[in-house]
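I opened the notebook to record what I looked up, one topic at a time. The entries follow the order in which I checked things.

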Amino acid sequence: MERDYDVVLFGATGFTGKLVAEYLLNTYGSSGDLRWAMAGRNLAKLEAVREELQGSEGDIPLLTADSGDLSELAELAGQARVICTTVGPYALYGSGLVQACAEQGTHYCDLTGEVHWMREMISQHQQTAAASGARIVHTCGFDSIPFDLGVLFLQEAMGEAHSVPARHIKCRVAGFSGAFSGGTVASMINMMEEIDKDPGLQKLVDDPYILNPPGAPRGDDINDQTGAIYDDDFKRWTLPFIMAAINTRVVRRSNALMNNAYGEDFRYDEATLAPKGQGALKSKLAAAAMMAGTGSIAFKPTRALVKRFLPSPGEGPGPKQREKGYFDIRLYGIHPHDRSKDMRARVTGDRDPGYGSTSKMLGEAAVCLAKDELTCGGGFWTPASAMGQTLIERLKTKAGLTFSVEKRGSE
Ligand SMILES: NC(=O)c1ccc[n+]([C@@H]2O[C@H](COP(=O)([O-])OP(=O)(O)OC[C@H]3O[C@@H](n4cnc5c(N)ncnc54)[C@H](OP(=O)(O)O)[C@@H]3O)[C@@H](O)[C@H]2O)c1
């Protein structure tokens, strides 16, 4: 595929886009092996971002396109091997770009967590992408890279140690520190507003297998956790995890796309670990408070009020908060026949999950799609099924993530 650029970053003027640009510049330079450009709808804003990053002599190429103009998007997609986009909410501003990439044979990655929109994009453009060779990969940020690749990592370790995949993987978020940006808030609110308009959508997004290809086997997974549950394998209470509604669907789609490499009866769930020593009552109250917080955005009358206290588009956690941030995820794999062969793994990140780490994960996913030898053809993939171990290596060596097998009995 001969193109002017390896990677075009669309949305470089936004909060997360600017961080991705900074990451690409610091890691790959502006005139090295990676040929990359920044794109957005407003040239003056793009010039200001370039000046902020490189000073007045900046040389990162700038391209313009509006997400509502299909011919501009087609021209943009035609110049790149990969389009990496942070223009969201994706359900509002992202559909034309997916179409353009599918038609032009341009690989694509994004940060969406809007599962209903992903499903729509898959059903509209899978055939076109398969024919053009475009590899389209949604969810290349905190949702869902550490979870999707964490499961792949643990399943490969199970395969090496015991020659079988774990039948059930439990993923538990042991800790993280970070905050939301205005763009993420706008995406969550837009999804709630779409559900208000079309209540049938709620049933769809609640379906644990919403992202599985038609006809793929469905396993036994049911709803995501909404209350406090004691987990005997972790010896702690667990609470709901807000992003389970995205990550679990992605992990199940990965399994389906990899010909059920984890098994047709594979089970997967996510939760947050309560602090050590926290008892039943406090855990139940904490779970209720978490659900009330989510409910206040879902419930129309309280949504407007809550919105006033949340960041606006373009705003997000500052540099100190991003640098002090981290995430720590534990996975527990249950052997199908012999519990003494259960295995544990851990995935960590050295910046806040949503922005400091997400910008590095998205940047590396884009470079991986542009530069690495991948075996999948065109179509809609997940991070694990498209980039797997190749991306794990990149994230370990460049983006501050760790993937490790842990001793059983370790916390
Ligand atoms: N999965 C994750 O872990 C994760 C983490 C972070 C963010 N996200 C998602 O990433 C998205 C961006 O978040 P953010 O906080 O960076 O948002 P943001 O600061 O509001 O940035 C949005 C970007 O979209 C651009 N844009 C808006 N309308 C456009 C149009 N019509 N044509 C072209 N560009 C347009 C904006 O351009 P202007 O500057 O010209 O307005 C800006 O560059 C959200 O959907 C968020 O949910 C996901």
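**Around the ligand**

I started with the helices. I found that α1 (15-28), α4 (90-93), α8 (182-197) and α14 (353-371) each give at least two residues to the shell around the ligand. I note here that this is a predicted model.

Next I looked up how many residues surround the ligand. The number is 30, and the closest of them are T13, T16, D143, S181 and S187. I then sorted the shell by class: 15 residues are polar, 11 are nonpolar and 4 are charged.

I went on to single atom pairs between the ligand and side chains. For T16, a side-chain N or O atom is 2.7 Å from an oxygen atom of the ligand. For K45, a side-chain N or O atom is 2.8 Å from an oxygen atom of the ligand. For D143, the ligand atom is a nitrogen, and it is 2.6 Å from a side-chain N or O atom. I also looked up how much of the ligand is covered. Taken alone, the ligand exposes 930 Å², and the protein buries 91% of that.

**Cysteines**

How many disulfides does the count come to? I wrote down 0. For my own reference, a disulfide is a covalent bond between the sulfur atoms of two cysteines.

Is C101 buried or exposed? C101 counts as buried because its relative accessibility is 0%. C140 counts as buried too, because its relative accessibility is 0%. The cut-off for buried is under 20%.

**P208**

My last entry is on one proline. P208 sits in the loop between α9 (200-206) and β8 (229-231). I checked its cover and found a relative accessible area of 8%, so P208 is buried.

Which residues does P208 touch, leaving out those up to four places away in sequence? I listed D221, I222, R249 and R252. I also looked up the separation between P208 and A161. These two are 47 residues apart along the chain, and their C-alpha atoms are separated by 29 Å.

Definitions and conventions
Residues numbered from 1 in each chain as written. Predicted model: local features only at pLDDT ≥ 70, side-chain atom pairs only at ≥ 80, totals over all residues. Heavy atoms only, no water. Near = heavy atom within 4 Å. Polar contact = N/O pair within 3.5 Å; in protein donor to acceptor, adjacent residues only side chain to side chain. Areas by Shrake-Rupley, 256 points an atom, 1.4 Å probe, with all protein chains shown as cover. Helix = DSSP H or I, 4+ residues; strand = E, 2+ residues; numbered from the N terminus. Nonpolar A, V, L, I, M, F, W, Y, C, P; charged D, E, K, R; others polar. Disulfide = S-S within 2.5 Å. Buried < 20%, exposed > 50% of the residue type's maximum accessible area, 1.4 Å probe, protein only. Contact = heavy atoms within 4.5 Å.
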